Amino acid sequence: MTAPRLEARAITTARLDLLPLLVEHAEEMARVLSDPALHTFIGGTPDTPEALRTRYQRMTAGSPDPAVTWLNWVIRLRGEGGLTGTVQATVSAAGAEIAWVVGTPWQGRGIATEATQALVAWLERQPVAAVLAHIHPGHRASAAVATAAGLTPTDEWHDGEIRWLRAR
């Protein structure tokens, strides 16, 4: 079984536009993701605009593995006009592994939940076997987002994180 070849398309919700990632988003996203607290559970430190531009160039070029498709979106809050975070899906024959991050100033407003629900709904309309995420056991906010998007925790662990799954 091979992974479907998908392409990120714009997705809209009541308040949000999920826009396919472009290298040009790097400058604004570097500001959005600049709070070191965002890296508490994911590790690392905030990227400079230049480092993020380089990473976005790699991401938009696509996976070097033909069996894997990288799909990446930035989240724009329409009422405020600016970018607030990202959602992503790595699609393989096993399914779509998703992740999300919302900048600190926009947290607690349901943006991650709304964006992730929209992403999962979009993925449900694609030929993917399952939707999964890996969440640090202490990250209650991400667990709440995953639950709202219809994922449930499993007994499986990966690199210190719990595997969450939405089976088809």
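**Entry 1: strand β3**

I began with a bridge: D17 has R76 in β3 as its bridge partner. I am working on a predicted model, where local features need pLDDT of at least 70, side-chain atom pairs count only at pLDDT 80 or more, and totals for chains, interfaces and linings use all residues. Residues are numbered from 1 along each chain as its sequence is written, and side-chain values use heavy atoms, with hydrogens and water left out.

I noted how elements are named: helices (H or I, at least four residues) and strands (E, at least two) are DSSP runs, numbered from the N terminus. Two strands pair if DSSP finds at least two bridges between them.

I then looked up the partners of β3. β2 and β3 pair in the antiparallel sense over five bridges. β3 and β4 also run antiparallel, joined by eight bridges. Across that pair, L71 stands opposite A89 in β4. The hairpin of β3 and β4 has five residues between the strands, and G81 takes a positive phi near 80° there.

Is β3 enclosed or open? Seven of its nine residues are buried, so β3 is largely enclosed by the rest of the structure. Buried means under 20% relative accessible area, exposed over 50%, and partly exposed in between (1.4 Å probe, protein chains only).

**Entry 2**

I traced the order of the open sheet of eight strands: β1-β2-β3-β4-β5-β6-β8-β7, with mixed pairing. β1 (11-12) and β7 (152-158) are at the edges with a single partner strand each, so one side of each lacks a neighbour in the sheet.

I checked one more pair. Strand β4 (residues 83-92) and strand β5 (residues 95-102) are antiparallel over eight bridges. There, T86 has V101 in β5 as its bridge partner.

**Entry 2: two buried residues**

I picked T84, which is found in strand β4. Its relative accessibility is 1%, so T84 counts as buried. I listed its contacts (heavy atoms within 4.5 Å). Leaving aside neighbours within four places in sequence, T84 touches residues including V32, I75, V101 and W106.

Next I took V131, in strand β6. V131 is buried, with a relative accessible area of 0%. Beyond its neighbours within four places in sequence, V131 is in contact with residues including I98, L123, L151 and W164. V131 and L151 are 20 residues apart in sequence and 7.7 Å apart in space, C-alpha to C-alpha.

Which members of the largest nonpolar core touch the most other members? Of its 48 residues, they are W73, I98, W100, L123 and L151. Helix α3 (residues 111-124) gives the largest share of this core, eight residues. A nonpolar core is a set of buried Ala, Val, Leu, Ile, Met, Phe, Trp, Tyr and Cys residues joined through side-chain atoms within 4.5 Å.

α3 lies across strands including β3 (69-77), β5 and β6 (130-135), running at about 160° to β5. Axes are lines fitted to C-alpha atoms, for helices over the stretch in contact, and angles run from 0 to 180 degrees between N-to-C directions.

I ended at the second largest pocket, with a volume of about 240 Å³. Of its 16 lining residues, A8, M59, T60, W70 and L71 are the closest to its centre. α2 (49-61) and β3 are the elements that give two or more residues to the lining. β3 gives the most, with four residues.

I wrote down the terms. On a 1 Å grid over the protein atoms alone, a pocket is an open set of points where a 1.4 Å probe fits, with protein on both sides within 12 Å along at least five of seven lines; lining residues have an atom within 4 Å of a point. Grid points are joined across faces, edges and corners, and a volume is the space filled by probe spheres set on the points.
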